[in-house]
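Biologist: I am new to reading models like this one. Could you walk me through some of the terms?

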Amino acid sequence: MKVIGFGASISTTSINKTFTSYALGFFPEDEVELLDLNDFTVPLFSVDCERENCPVEAKAFLTKLKEADVLVCSMAEHNRNWTVGFKNLFDWCSRLELKVFQEKPMLLLSTSPGGYGAQNSLNIAKTIFPAFGGNIIETFTLPKFHENFDATKGIIPEDLRETFEHTVERFKQEVRKI
Ligand SMILES: Cc1cc2nc3c(=O)[nH]c(=O)nc-3n(C[C@H](O)[C@H](O)[C@H](O)COP(=O)(O)O)c2cc1C
């Protein structure tokens with residue numbers, strides 16, 4: 001099974017990319033690939049810009065998603081919403097293929113330094129993604145990233161770590177049934 005993951009952010013120090021990388025570590029028997037949205041830089045979307053051409057990077061991102069059997073996506077949050085970098089790439093992709101996520105089973109995550117852990121952004125994704133081919137199987141939010149996550153140990157609080165591990169296990173079981 002090929003597992004493709006990405007943090008929904010263009011920050012070069014994205015904690016959601018870090019968290020996605022950690023999540024991919026829970027798929028030791030599978031081929032995993034972590035995408036960086038900075039490898040798919042697209043101009044700011046507008047219908048005027050679209051008339052000129054659709055950037056190859058949007059096509060490349062969709063091609064990558066096509067390669068996946070399952071997706072792991074961690075939502076970053078700016079002002080209680082998706083980050084502009086992710087939304088922009090998503091908008092371009094949606095113009096090429098409405099079913100951006102191509103019905104691939106998805107483990108949807110989020111994290112932020114705050115106590116709500118970017119759950120606004122995750123909730124919007126939960127509502128919106130299904131209309132764009134998102135097949136969300138499980139979700140998990142990690143609050144207070146800098147307190148609750150260590151680069152070598154991963155999720156530090158035992159209760160949160162166990163919840164995360166159970167979430168991933170349930171996700172894998174569901175995927176096996178599909
Ligand atoms: C403009 C701006 C708005 C933000 N708004 C929120 C917010 O609404 N909720 C939240 O949890 N964190 C918010 N943050 C903090 C981000 O969660 C934090 O910068 C995080 O590192 C972003 O994820 P990333 O590192 O994966 O890009 C905001 C940060 C910025 C710069």
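This is a predicted model: local features need pLDDT of at least 70, side-chain atom pairs count only at pLDDT 80 or more; totals for chains, interfaces and linings use all residues.

Biologist: What makes the pair of Phe6 and Phe61 edge-to-face?

Modeller: Rings of Phe, Tyr and Trp (its six-membered ring) pair if their centres lie within 6.5 Å; planes under 30 degrees apart are stacked, over 60 edge-to-face and the rest tilted. The centres of Phe6 and Phe61 are 5.4 Å apart and their planes stand at 80 degrees, so this pair is edge-to-face.

Biologist: Why is Phe6 called buried?

Modeller: Buried means under 20% relative accessible area, exposed over 50%, and partly exposed in between (1.4 Å probe, protein chains only). Phe6 has 0%, so the residue is buried. Phe61, at 2%, is buried as well.

Biologist: What makes Phe40 and Phe61 an edge-to-face pair?

Modeller: Their rings are 5.2 Å apart, centre to centre, with 70 degrees between the planes. Both Phe40 and Phe61 are buried.

Biologist: How do you know that the charged end of Lys172 sits over the ring of Phe27?

Modeller: The rule asks for NZ of Lys or CZ of Arg within 6 Å of the ring centre and within 35 degrees of the ring normal. For Lys172, the charged end is 5.1 Å from the centre of the Phe27 ring and counts as sitting over that ring.

Note on methods
Residues are numbered from 1 along each chain as its sequence is written. Side-chain values use heavy atoms; hydrogens and water are left out.
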